[in-house]
Structures are given as C-alpha cells and as structure tokens.
Amino acid sequence: MSQEQIPYQQISAFQAVILLVHTITPTAMLVIPSIAIGRAGQDAWMSILAAWACGMVFILMYSRMIRDNPAGVPFLKFVESRLGRVVTTIVGVLLAHYYLSTLSGIIRELIEFLSDAVLLRTPMLVIGGVAVGVAVYSAIHGLEVVARVGIVVFGFSVVLFFVHIFLLVDHLHLKYLAPIGEASVNHIIGGSFPAIGWFSESSLLLLMAPYVSRQAAIRTIGLWGMSLSAMFLLLTVIVAILVFGPSLPGMMAYPTSSVAETIDYDFVERMDVLFIFSWMSTIYLKICMFFFGTVHCFRTVFRVQNRKPFYIAFGVLALLTGLYTWESTADLSEYQRYAIVPFKLSMNVGLPFLLLLALWITKKSRGREVDKR
Amino acid sequence: MGVQQGTKLPISEHLPSNVKWLYDELGASSDIVVRTFSDSSTGLDGVFFYIDSLVDQQTINQMLIGPVLAEIGANPNVKSASDWIGLLKNKALSVGRLKDLHDLNEALAQLMEGNTVIMLQGSRAAMAASTAGGEKRSVEEPSSQTVIRGPKESFTENINTNMSLLRRRIKSPKLRVVYKQIGSQTKTHVAVVYMKDIAKDGVVQEVMARLDRIDTDAILESGYIEEFIQDAAFTFFPTIYNTERPDAAAGGILEGQVAIIVDGTPFVLLAPVTFIRFLQSSEDYYQRYDIATFLRLIRYVAFFVSMLLPSLYIAITTFHQEMLPTPLLISLAAQREGVPFPAIIEALVMEITFEVLREAGVRMPRVIGPAISIVGALVLGQAAVQAGLVSAAMVIVVSFTAIANFVIPAINMASAARLIRFIMMILGATLGLFGIMSGLMVLLIHMSSLRSFGVAYTAPFSPFIWPNWKDVLVRLPHWAMKKRPIAVSSMSNLTRQGSGQMPEKPKKLGHERDETRESDE
C-alpha cells in the first residue's frame, strides 16, 4: 500500500504526538546530558528549558508552513505546487541526504552504546545489522503500524523510566543542584545548543502532518510532542545531576546509562541492562522515523512508486555509512559535540525558514495577481 | 462459491424414470430405501425415497407412511396426481418442514440432507419432508474450556443443537442467522450468527463475502474455514477466536462479534477479535470482578513467562551474568559445572522432551496416561539431573514455562507462545537480551500490522481506545461497563445498559425498627 494513500495510512493526533517524542528523545537522552552538564554544570536544566522555548518556536514555524498544505498531500508535493519542480528537487535531495546522514549517525550511536554497555564482544556489524533489519521490517509496514508500535513502546518505556527514577531515590542528592544560577548565561546558552539541535528534529512533523487524521490539530500535536520530549530530557538531566553532581556527568560518555548502573538492590543487580533494552525499543522507532523521512523525500523527488526495495537499499546504505564514516568512538563523539548541531539546525531550521519565506512571498504575489484580476 | 449446484433437471411425470435416476446417482447404495404405495381405485402410484442411514425411522413411519396409507382408499374422488399432492401436503403429511421440488438435482440434495422425497406418478412436482435423524452426542461439559463457576454446557457436533443453545441464551428478534453450505462434496452446513444493529454491517458483509469465496470439496471442522477466511496467512497469532462454550459465543455476539457455526464440530468461530480476547476467560464475567482482575493479570504474566522464561534464562546465564546477585550466580554456576552442554542445548533438549511428553500424553490411551507423568517426572527430570545431563535450574525453568503455558485460556494462543518460545531461545542464545528485545520488537510490529476483519489486533492498546480499558487488564464490575467495546461493536449502538446502577446501601425505611436499640432497651 502506498504511503500516499492517506485513508489507509492515517495516524491519530495522539499517535502523532508519541511519534514526535520518539523522533527526538531516544538519542537526545543519551547524548545531551553529558554535553549540557559539561557546559552548564548544575544549571544544565536551565539549558534544557531554554532549548524547549526554542523548540516551541520551531513548532510554531512548522505548523505555520503546513497550514496551507492540503490534507493528504505530501509536504514536498505541496512545495512543488507553490515553488516549482526545481526548488522541490533541491529541497528533497537536501532533506533526503540529511535524513540518511542522521540515520547513519543514529545507527552508529546505537552500535557504540550497546558495544560499550552490554555487548562487548559482539561484532558491530551484527548489532547494526539486526537493528537495521528490525527497523526496515517496521518501516516497510508503513507509518500507521509504526505509530501503533510507538504507543505500546511509549507505554512500557514511560513506566520503566519512572520506575528507574523511583529505584534511584536513595541516590538522589538535592544539594547537587545548588547553587542555582551559578553558571553564566553564556554557559547556559552553550549548554542548550545541543538540545536545540535535537529539538529541531521535530521538523519531521512537516512530512508526518499529511498523514494525521486531525489536520487542524497539527500545532497542538507539535507543542505537546515538544513539551513531552523536553520533560523527559529535563528529568534525565536533573536525575544525572542529582546522582553524580555537576562535574562527573560531563566526563562520562553516557551518563544516563551510568545513572541506571547505580541501582543496586540485594535481590537484583545491574538493572541498567533492562533499562538499556527498553531504551533500545525507542531508538528502533527513531530509526524508523528517519527511514520514513529518507524514503519519503527520495520517492517524492524521484517519483518512485514502489517503496519497499528502497527501505532495504537505504537500510544497507545507512548501516555501511554508520559503520565506516567514523573510525573511532572519539570521532563520533567529536561529531556529536561540534558538527551535528549546526548540521541539524541548518536542515531543520534554516532550510524550512527559507521555504517559509518563499511560500509567504509566493502566496503574497498570488494574492496580488488574484486582486488584479 | 458456496454449493456446487448441478444443472436443472426437471422431474419427469414418469415415476420409474425419476426413481431410476436418483437410484443411479446414488450408486445403488444398500442403504437407499424406496417404499412404494398405490391406490388402485384412484390410480395413485407413489414412492417414499430416503437414505436409511440419514433418517429418523420413527418419524418416517409415524409422520409419513402411516398417515399416507390411511388416506389411501378414503378419497375416491381425488383422481389427479396434482390433487393428491395437495391432499398429502395439507392433510396427510404431518411434518414441520415440507419443501416443494421440481428438480431432480434438488431432490438429490434433499436426500443427502436426510430428508425423504415423496414423488407421485404423473406429477412434475415432488415433496421433501424433513426427516433427518441419526445418532448425535448430547450436550456435555466443555472439555477444553472448563470453568469453576458458570454454565457447564458445551456446543456439540450438531448445528441445530448449537443454534438452540445460542437461541436459548439470546431471546432477541435481532439475532440473525444466515445458513450457507460449503464444500462441494461434504456440503457442510455453516451458520453465520450475529446481532443486527450491534455487529458492524461491514464486518458481517466481509464474513459473508469471505465464506462465499471458499471453494473446496470438504469442510470437516471449523479449522478449515478459519484458515480460508483469516486475515493473515502467515502468522503465529490466531485472528479468529474459537470456543466450545455457548455462553462465550453468546457474549461475543452481544458485543458485536459474528459467530460462525459449522456442522460437525463443537468449535464455533468468532470474529473480529483482538489479541486481549485470547487472554480472557468467560469465567472472568461470572466470578467477582476483583478476583477476575487478579487472575487476568496472572494470565498476562503467564503469557510472557511461557514465551520468554527459557530465553531469558539462557541470555542471562550466557551473556548478562552481571544481572544476577552473586549467591544466585554461584549456585547456578555450581549446578551447571558438570553439565556438558551449553545452556541453549540444555534448554532445547528439555523443551523438546517436554513437547514430546505432552504430545504423547494427548495421543496415548487414557488408561496408560499416568505412565507418562511417571516417565516425565522421574526418568526425564530427576534422573537427567542426577546423571548430570541437565541442571536442576533448567528443569525448574522448563517446568514453570510449561505450567505457565496452560494458564493461557485459548489453546491457539498458547500454541503461538509455544512456537515463539523456540525462536526467542535461539535469539537469546546468540545475541543475549539484545536478541530477545529485537525479537520482541519484530513480534510487536507484526502484531500491530495484523487486523481481524478490519479491527486492529492490538486494540485497545494501540490504537489507544481508553473506554475499552474497563475490560482489558482489569475487569470492572458489570454496572461500570455501560458501553460495548468500541473497536468491535457498531458505533451507532454502543450503550448496553443504563447508568447509575452501582449498588448502594439501602436507605432505612420508616417502618423498619431499630433492632439494636430495642434489644438494648
């Protein structure tokens, strides 16, 4: 069934909110605490709040862009109808490239994390291969099935997330949050940049919107999705500070998993493994969403009818890119700290902003033409 | 295509040629009975034609042959064959169902149903009287879906008995029954039963359409139909529910499901169905809601245990030993010290042994059944541990898994868990918890992609339908479940009962005396 056949591939507003959360949080919870706490110390939570405010502005921009997008028409087709084929091709290729690059990054993050935390001797190709296989299987079923899976995974992972915080109660030290406001504004803003980059991934809303059953609620969906994502990230950062203080998390590769490692009761140890695997199910969904973005842009630009073979092809491509682009963990870490945020912002904010301007200008000029007639 | 009807072959006025045609078509079988009767005064010549092994002899003797013979000689004015037909129909033949026939193929079909065909010389019309008989099993207790509290009746192999069991429970004129015949050779009767205005029209039409599409020579059990009409051809998970309990079928029909009753089997199909239905028992609605909720939660846990426990054991002991507390780890390591196999081989050997024992238990004659438990418990359990072939922990894991599997109320869902268990064990042994988690994701994706007659299989979890949650993980009291489940029932008629029926402590009436105070005084 083609993705363009909206009546079949339709998702509810609630499913869209959850998909948006799955698009942002899985990798954000892994990568951001280390960078944000490293820069803003115990005031890193303020960085997340600042990033959340920016994220809300992004959502307003995206919802403004798709306000004129008729229901059921893919975003790029709408852009084509307003800005022409050439612009659409350029935008589509850029977005497809962005989604594929980010997809490879996510796959590599997953591989690195699992190799580092639990599967020390399993070859990276096997871990990546299994992950991509599962994600391809899911993406092939279409956005509607991914959305349904998203609800179940969200339910389980939220329960486990709060259970994990509850089990940490003994290890939480409120004094680590003090003194509040010690970090300078520069540091707080510096700490918020990675989160802003990740929150900009909500631009997938542009591609997802035509499949949402309640078109009028897109803005609300976006705002809810962004707020929930920010809440989970905020809790993760605060818990990391409360457990390790303001200095240690910045030196850790994955403070989120290190926090879970501290859970230790007599009857069970290393509960972090369970949390890692519940987190893994969320990252599968993130991979699915970026698969959707890649294949959707590719298909719309090149007018390809059959999507299934492309999921497999892009899966292999993303896996190989993920495995061989970064030679070491240090390379990946450097990419995440310095290159990824500008890349995300340029594609998720810069490009849509230019498109918004162009759409606004064309709308104005069309309006004038109509008035003249 | 339902019934493979032949071409029309009109009944001839020449009685012997009709009889010969029917006789030849039936291969001159020994159980064919052609009972002739005649009246020389009026020139009447006729036959009762039936198949002895399909009819109720008493009905034929008392309701057909006796009354007809009584009319012979008593009606000298009735001369023509058509007048005799009218007379027999209106006066003599005292059976409930009487059908006019004009076609020999139809007459043949009626004979195969166990009916008796009455033909007269000189008439192009004949009659088929309902005389179907034969031995049938009485209504007994269900053998596979037993309950402690609740009706003890089970469906039987007879479709009419099954229909009466349903009709007696739902005395509503809105109960609709549509009969079909499927199978070119077996011509099996299939009844589609649903509640008008409660079942979704689209679902009813889809059921009818899928049944009409079946083109096969034989339907011997409802399992045949299930495989022809289910939504997904390749899946572990059943997308059609089956039950031998009339109360469960009635409950399903009253919630908008469509029942398919197949002659020759006590197992009735119900569709559409969602995953959670397979973990619910009809007893949940007869027991108090608190214990019903508790048992339901136990069943959910048991489902996951039966699917995942051996694989988790393998994954944790092979890949993630750090998850275990040190004393337990030492104990497990000590148990496994002398075992020559890796955990996966040990688990596979034990699981396959259990499956063999289970299959043997089903197939073996009942009198030697207890021998199986002795062999299983002593020889393959205790002896294997003592011989150092398997560890005691593995025996516990496999036994608990097996017991957990029996907790699942629907056997077809229990079978799905059994099969998935083996795949999970291999994933756990090769990739540890990562493999199990990936396997679970694939299962979840697969389940989310399934539909049962248009209804999402994972509802009400996803799509999330909050009103249905009153009867999913918990079972709220009946008075709190005002509406029918949204995914299955017709949206136009969701309310099943009035509101405000929660029992309250009765207010004291004026004439009631305060016994306590009086006794104090």
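Helices here are DSSP runs of H or I with at least four residues, strands are runs of E with at least two, and both are numbered from the N terminus. You're looking at a predicted model, where local features need pLDDT of at least 70, side-chain atom pairs count only at pLDDT 80 or more, and totals for chains, interfaces and linings use all residues. Residues count from 1 along each chain as its sequence is written, while chains are lettered from A and ligands numbered from 1 in the order in which they are written.

Start by selecting chain A. You'll find 14 helices and zero strands.

Next, bring in chain B and look at where the two chains meet. Here 27 residues of chain A are in contact with 23 residues of chain B (contact means C-beta atoms, placed from the backbone, within 7 Å). On the chain A side, pick out helices H5 (124–140), H6 (143–167) and H12 (272–302), which each supply at least two of the touching residues.

Between them, 17 residues of domain 2 are in contact with 14 residues of domain 3. To see the domain 2 side, select helix H6 (201–213) and strand E8 (241–243) of chain B, the elements giving two or more residues to it. H6(B) gives the most, with four residues.
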